[in-house]
Amino acid sequence: MLGKKRLRGMISLLLIQAMLIIVICPGVKADAAVYNPFTDVSTDQVFYDAVMWAYSSKPQVVSGISATKFKPYNTCTRAQIVSFMWRMNGMPEPKLKDNPFVDVDTSAFYYKPVMWAMEMGITAGINKNHFGPNTNCTRAQFVTFLWRLYDTPMPEDSMNPFEDVSDDAFYKNAVLWAKENSITSGKNATHFAPNDEVIRGQTVMFLHRSYQMDQKAPSVLPSYDNKYEFWRSFQSDYIYNSLPENQRIIWDELQKKLIDYMYSDDVSEFTQFDFPNSGMSQTEASTFLQTFYEGNPQFFCINTANMNSGYSSYKSTYSVAPEFLYDFNDYSTRMTAISDFVSRIKSWTDIVSKEKGPWNKEKKAHDIICENTEYGFSNLDQSPYSLVCQGKTVCAGYAKTMMMLMNANGIDTFFMHSNSHAWCVVNIYGEWYCTCCTSDDTGKWSNREFAMYSNVIGDKNDFGYSFFNKSLATIDQDSKGNGNDPEMFIPAEGSFTVDTDFDSTFAMFTPYFVVGNYKYFIVNDNPNRGSCLVKAVVARNGSSLSDKPAAVDFNGIRYVVMD
């Protein structure tokens with residue numbers, strides 16, 4: 001589904017394109033048919049699809065040399081290569097400010113890409129003081145850059161078919177990995193030509209194939225044919241695993257019952273469901289039921305907020321009588337809504353799954369949500385359906401949708417609320433953060449008075465990251481007078497709490513950097529929330545995470561390395 005931002009701009013674009021010769025490119029990821037402006041790129045050339053993908057991507061990975069020329073046989077410099085890679089990864093803002101390279105000026109188009117590549121450990125330059133931006137990039141250097149971007153995975157097949165790739169070459173594993181993943185097959189069966197300079201046509205092919213490698217990754221969602229596994233994938237495993245075994249058994253049975261209820265054309269058999277041998281008191285059963293509702297946001301068409309329930313003190317059993325929200329009472333209407341919801345949420349979840357690492361997945365989910373909705377009230381605004389299918393919701397809809405996208409991607413997330421607001425608590429590399437898409441999306445709120453929640457106010461299509469990975473203290477600090485004081489925060493289950501002390505700064509940046517043999521994730525860089533902390537998340541060159549240093553210096557800051 002196109003986001004509202006992009007839809008408005010595309011209306012006029014499509015009117016123009018209707019008068020042009022349009023070329024449909026199989027395999028190109030674009031929002032619409034791709035117009036080919038390049039007279040030197042034709043459909044019979046091996047790099048055609050890759051050029052169209054790079055040209056039509058958002059952000060644009062590679063543009064033409066001119067309005068009508070791509071120049072596929074021109075060589076590429078090191079500055080151009082890292083710039084292409086930076087754009088392919090969404091143009092993240094680098095945190096690194098200490099520029100060691102005398103040949104990289106802050107005004108250069110490649111300044112941010114080079115700083116980002118340094119942070120990510122993609123390149124350290126040709127020496128400690130020179131990046132060599134205008135030096136032509138070799139095939140060996142390029143595949144090594146890509147290999148490091150993917151955290152230097154060891155190739156599964158160690159057999160080396162290339163006579164010109166020695167066992168002690170710095171690029172050997174990168175070349176074998178690239179071959180194994182069909183990024184390149186070499187110049188021929190026995191030669192890779194590592195010292196040949198890459199040309200623009202080859203460059204976009206390598207980039208496109210690495211992109212397609214991500215697209216071919218198996219979806220985190222189970223087959224839709226197994227509806228129980230599909231719907232269960234959105235639950236909060238963190239909440240589920242916190243429950244005692246007898247309550248997990250009841251959770252499983254109630255969940256299956258409600259899934260069947262959603263799909264049934266005769267709901268008379270679902271008038272009541274008794275918790276079997278619950279052994280729970282009335283208070284325990286009531287708490288469990290609230291826990292279940294907030295741990296399963298996927299039941300968008302069921303009125304979980306006011307589900308009829310009862311307790312038998314004689315039998316120590318609890319019963320639930322489900323009912324649909326009014327809009328979904330009709331079976332045909334409900335099936336159409338379920339089909340639409342499944343199609344959209346699965347598409348978004350699959351997009352999120354292609355990102356590398358939990359932080360990147362979280363940011364992608366955050367951006368998808370902000371791009372595809374606006375704050376507004378409706379009769380379904382407490383349900384994720386209002387966001388996913390109607391494009392308008394309140395804080396509960398934002399939080400429940402974010403929770404679904406994260407949990408389906410294996411990232412522990414649960415729903416948190418006060419007496420007037422709701423957001424998500426997300427686990428990134430073992431630490432908890434608060435993320436509120438509602439407050440970050442204030443640029444599009446229909447009621448601008450709600451802008452008090454955010455310090456990012458711009459055009460109505462803007463969104464920011466002021467409430468992305470924050471501590472409870474920061475949310476409280478920036479929401480005074482709005483009923484969000486910490487003592488009013490209620491974790492979903494009610495009997496456990498999550499300590500969210502860690503905080504990112506308000507500026508959006510890539511929270512990764514490489515020093516020595518380790519890639520680190522910045523856990524906390526807000527001095528008001530304690531020490532500056534990092535987690536070592538990748539070990540390289542034969543090192544082990546268990547041997548990580550106790551502290552590390554980066555960009556003039558001393559970070560304590562957490563266990």
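Just past helix 4, Gly121 takes a positive phi of about 75°; helices here are DSSP runs of H or I with at least four residues, strands are E runs of at least two, and both are numbered from the N terminus. The model is a predicted one, where local features need pLDDT of at least 70, side-chain atom pairs count only at pLDDT 80 or more, and totals for chains, interfaces and linings use all residues. Residues are numbered from 1 along each chain as its sequence is written, and side-chain values use heavy atoms, with hydrogens and water left out.

Helix 4 (residues 111-119) has 8 of its 9 residues buried, so it is largely enclosed by the rest of the structure. Buried here means under 20% relative accessible area (1.4 Å probe, protein chains only). Among the buried ones are Trp116 and Glu119. The helix's buried residues pack against helix 3 (78-88), helix 5 (139-149), strand 10 (512-515) and strand 13 (551-554), with contact meaning heavy atoms within 4.5 Å.

Then there's the largest nonpolar core, with 160 residues, in which Met85, Trp231, Phe275 and Phe300 touch the most other members. Such a core is a set of buried Ala, Val, Leu, Ile, Met, Phe, Trp, Tyr and Cys residues joined through side-chain atoms within 4.5 Å. Helix 15 (residues 395-408) gives the most to this core, 10 residues. Leaving aside neighbours within four places in sequence, the contacts of Phe300 include Trp231, Met262 and Phe341.

Met262 turns up again as a contact of Met335, alongside Tyr263, with residues up to four places away in sequence not counted.

Methods
Buried means under 20% relative accessible area, exposed over 50%, partly exposed in between (1.4 Å probe, protein chains only).
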